[in-house]
Amino acid sequence: MIRVCIFGEDVAEAGTPFKVLSGLVEEFGTERVLDTPISEAGFTGIAVGAAMTGLRPIVDIMFGDFITLTMDQMVNQAAKVHYMSGGAWKVPMVMRTTLGATRRSGAQHSQSLHAWFSHVPGLKVVMPSTPYDAKGLLKTAIRDENPVVFFEDKMMYTKLKGPVPTEEYTIPFGVADVKRVGRDITLVATSSMVQVALGAADLLEQTGVSAEVVDPRTMWPLDEKTLIDSAKKTSRVIVIDEGYERYGVTAEIAAVIAEGAFYNLDSPVKRMGAMHIPIPFSPPLEDATVPTEKSVFEVARRLCGQA
Amino acid sequence: MTTATDKSAANSEATAGQWMRMYRQMVSIRLFEEQVNELYTRALMPGLAHLYIGEEAVAVGVCDALRTDDYITSTHRGHGHCLAKGASPDRMFAELLGKEAGYCKGKGGSMHIADPATGNLGANAIVAGSVGIATGAALSAKRLGKDRVAVCFFAEGALGQGVLYEVMNVASLWKLPVIYVCENNLYTEYTHFTETTAGDIPARAAAFGLQAEAVDGQDVRAVYETAGRLVDRARRGDGPSFLVCNTYRYTGHHVGDINREYYRSKEEEKHWKTERDPLKLLADWLVAQGIADSSQFKGIQSEVETEMKKAVQFAVAASYPSVSEVEQDVYA
C-alpha cells in the first residue's frame with residue numbers, strides 16, 4: 001500500500017516556487033502529489049486526520065512565516081492526539097517548511113520560527129544543514145510515527161551544493177554531527193548558520209584559533225551529550241541560530257551547555273541569533289539582522305582573548 | 001453493555017427492533033449524563049463536563065446510520081457521540097474520573113475521549129478543532145480504497161471558525177466521503193446563535209457545492225433517515241454533505257452553568273423539554289405504531305439505570321494511573 005503523499009500550495013506542476021519538488025508529480029502522479037487551495041490551517045488539519053487513519057502525509061508550507069496559520073492544527077491537534085488518547089491514536093505526518101532571511105522578501109517571508117514548534121511537547125523538529133543530511137533526515141521524518149516539522153533553509157536551495165548518495169540511507173534523530181573538529185572554541189550552529197560557522201572557523205584558523213563546529217541537526221530530540229562533551233573539550237561556546245535570539249533555541253542550547261559543562265567553561269556561553277525586530281526589507285538593514293561569518297569570527301576572537 | 005453492531009450500508013427503513021435499540025441508546029445517553037451531573041455535584045469528578053441532554057436524537061440517529069469502522073470526530077459536548085458510536089459507559093466514566101481504566105488511561109478526560117475500536121477519532125476541546133481531522137480521515141478512506149465515511153460532529157458555534165470553510169472547500173474539490181453534522185442547539189456558550197451567525201446556515205455549505213440539508217434534530221427518525229441518505233451518498237463516492245440538526249441543549253453550557261435566565265427563559269427550556277423531547281417523541285410514535293407500550297419503556301429505563309450505576313461504581317473503584325506514566329505516550 002502506497003501511503004506517503006504530499007500536499008500543499010503549488011506542489012504539483014509548479015514544483016513549489018522554489019522548484020524543489022520539480023518532477024515529483026510527473027513521477028508519482030496527482031494521487032500522491034496534490035495541489036491545495038491557499039488554506040494552510042485546513043490542509044494541515046486534513047494531514048493530521050489522514051495520518052491518524054493510515055496515510056503518511058507530508059504537508060508543504062511554502063514560507064516558514066505561514067506556520068502561524070497552522071498553529072492550532074499542529075500544537076493543539078497533531079502534537080497532542082497521541083498523548084490525549086492515552087496512546088490509542090498516532091499522527092505520522094511531516095510538515096516541510098522553510099526558514100531564513102537575506103532573500104529580500106520582507107518581514108512576512110523571512111523569519112525562522114522553528115523555536116515555536118521546538119517548545120511544544122509531542123512534536124519533533126528537524127533542521128538539516130547539508131544536502132546529505134536533508135535526504136537522510138527527511139527519510140527518517142517520513143518513517144517516524146510522530147508529527148515532525150522539517151525546516152529547510154531557502155537560501156540553501158540555490159547556494160549550497162553537496163554530495164547526495166543515490167542509495168538508501170537514513171540519519172537518526174537526536175544525533176548531532178561534528179562538522180569540523182577543533183580544540184579552542186565550540187560553535188554550535190543550526191541549519192543556515194552551519195555554513196556561517198564553518199566560514200568563521202576558517203577565518204579563526206588564520207588567527208591560530210581552532211574552532212569546532214557542531215550541528216545538532218534536530219532541535220527535538222536534542223543530542224545534549226555531544227554538545228556538552230564538545231563544550232567540556234573546548235571550554236568556550238557560541239550558539240548560532242537564525243531564529244530570534246530572545247527566548248529562542250540559542251537560549252535553550254546555551255542553558256543545556258551551561259548546566260552540563262559549567263565547571264569546564266572559561267567564559268559564559270554566548271548566544272547569536274536574529275535581532276529582536278521584524279526583518280526589514282532594505283538590503284543593508286536586513287543583512288544587519290542575522291549572524292554572519294564576520295560577526296561570529298569577531299565574537300569568537302573576543303571569547304578567546306584575541307580582541 | 002450495548003455494543004454497536006454493523007448496519008447494512010443501505011439505510012432505507014429501520015425495523016421495529018432498530019427503533020427500540022435507538023430508543024434505548026437515547027435513554028443510555030440521558031442517564032449517563034445525569035450520572036455525570038451527579039458525580040459533579042457530589043464533587044467526585046475533577047474539572048467540568050458539558051452535557052448532551054436534549055440532543056440525544058442527533059448522535060443516535062446519525063451513528064445508527066454508520067458502520068463500526070466508519071469514523072467520527074466529536075466535540076467538548078461529546079459523551080453522546082461516543083456512546084452512540086459504541087463506547088462502553090464504564091470506561092467512559094473511568095476516563096471522566098481520570099482513571100487508568102479510562103479510554104485514554106485518564107490522560108484525556110471528558111473532552112478528549114477517543115476509541116479506535118469504534119472509529120472514534122476523538123472528542124476535541126477546540127471549537128471546530130476536529131474538522132480537519134474528520135476531512136483527513138475521509139481522504140484516507142478514499143485514497144486507501146476503503147468504503148468508509150467520516151462524520152464530523154460540531155455545534156453551531158463552530159460556524160464562526162474559518163478552518164471549517166477551508167476544509168469544506170477541499171472536501172468538495174476532492175469529493176471526500178465526509179458528512180459535516182452541525183448540531184444547532186441554539187446557544188454558543190451563553191449567547192444565542194442569531195447574535196453570532198449571519199445569513200442562512202445550510203447555504204454556507206451549499207456555496208461550496210456540498211449537499212446541504214436541515215432536519216428536526218429532536219426527531220430521531222428524521223435524523224436517521226436523512227443521515228442515512230447522506231452516508232450512502234458519501235459511501236457511493238458522491239462526495240461530502242452538510243446536515244444541520246436543529247436541537248436544544250437542555251442544561252447549561254457546562255455542569256456549573258445553573259443560573260441561565262440572563263440568556264434564556266425558563267419558559268423556553270420548559271417548552272423544549274415537554275413538547276420537543278426526543279425520547280418522548282420516539283416513544284409516542286412507537287406506541288402509536290403498536291411497536292411498544294409504556295411498560296417496555298419503563299423496563300428499558302430501569303435496566304439502563306442499573307447499567308449506569310454499575311458503570312459509575314466501576315469507575316469510582318478503579319485506580320488512578322501511576323505517576324510514573326505521566327511521561328508515557330508523548331511520542332509514539
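Predicted model: local features only at pLDDT ≥ 70, side-chain atom pairs only at ≥ 80, totals over all residues.

**Briefing on chains A and B**

In chain A, the loop that runs between β1 (4-8) and α1 (24-28) holds A:Thr16.

**Backbone of chain A**

- A:Thr16 has a phi near 70°, which is a positive value in a residue other than glycine.
- Most residues other than glycine have a negative phi, and most peptide bonds are trans.
- The peptide bond that joins A:Trp220 and A:Pro221 is cis, with omega at about 0°, and A:Pro221 belongs to the loop between β10 and α9 (224-234) of chain A.

**Sheet and overall dimensions of chain A**

- Chain A contains twelve helices and twelve strands.
- An open sheet of seven strands with mixed pairing runs in the order β2-β1-β3-β4-β6-β5-β10 in chain A.
- The edges of this sheet are β2 (33-35) and β10 (218-220) of chain A, each of which has a single partner strand, so one side of each is left without a neighbour in the sheet.
- On average, and with direction ignored, neighbouring strands of the sheet are turned by 20° against each other.
- Within chain A, strand β4 (residues 94-99) pairs with strand β6 (residues 148-153) in the parallel sense over six bridges, and A:Thr98 has A:Glu152 in β6(A) as its bridge partner.
- The C-alpha trace of chain A spans about 60 × 45 × 40 Å along its principal axes.
- The radius of gyration of chain A is 19 Å, which agrees with the value near 19 Å that a compact globule with 307 residues would have.

**Contact between chain A and chain B**

- The contact between the chains takes 36 residues from chain A and 34 residues from chain B.
- On the side of chain B that touches chain A, β2 (120-124), α5 (131-143) and α6 (162-173) of chain B each supply at least two residues, and the largest share, ten residues, comes from α5(B).
- By class, the residues on that side of chain B divide into 19 nonpolar, nine polar and six charged.
- Across the contact, the axes of helix α2 (residues 40-52) of chain A and α6(B) come within 8 Å and cross at roughly 70°, which makes α2(A) roughly perpendicular to α6(B).
- The crossing of α2(A) and α6(B) is right-handed.
- In this helix pair, A:Ala41, A:Gly42, A:Phe43, A:Gly45 and A:Ile46 of α2(A) meet B:Val163, B:Glu166, B:Val167 and B:Val170 of α6(B), a contact that has six nonpolar, two polar and one charged residues.

**A helix pair in chain B**

- Helix α1 (residues 16-41) and helix α11 (residues 294-317), both of chain B, pack at an angle of about 45° with their axes 9 Å apart, which makes α1(B) oblique to α11(B).
- The crossing of α1(B) and α11(B) is right-handed.
- Residues of α1(B), including B:Tyr23, B:Val27, B:Leu31, B:Phe32 and B:Leu39, meet residues of α11(B), among them B:Ile300, B:Val304, B:Met308 and B:Val312.
- The residues of the contact of α1(B) with α11(B) divide into nine nonpolar, three polar and two charged.

Technical notes: Residues numbered from 1 in each chain as written. Chains lettered and ligands numbered in written order. Contact = placed C-beta atoms within 7 Å. Helix = DSSP H or I, 4+ residues; strand = E, 2+ residues; numbered from the N terminus. Nonpolar A, V, L, I, M, F, W, Y, C, P; charged D, E, K, R; others polar. Axes fitted to C-alpha atoms, helices over the stretch in contact; angles between N-to-C directions. Parallel < 35°, antiparallel > 145°, perpendicular 65-115°, else oblique. Left-handed = near helix turned anticlockwise from the far one by under 90°. Pairing = 2+ DSSP bridges. Rg over C-alpha atoms; globule rule 2.2 N^0.38 Å.
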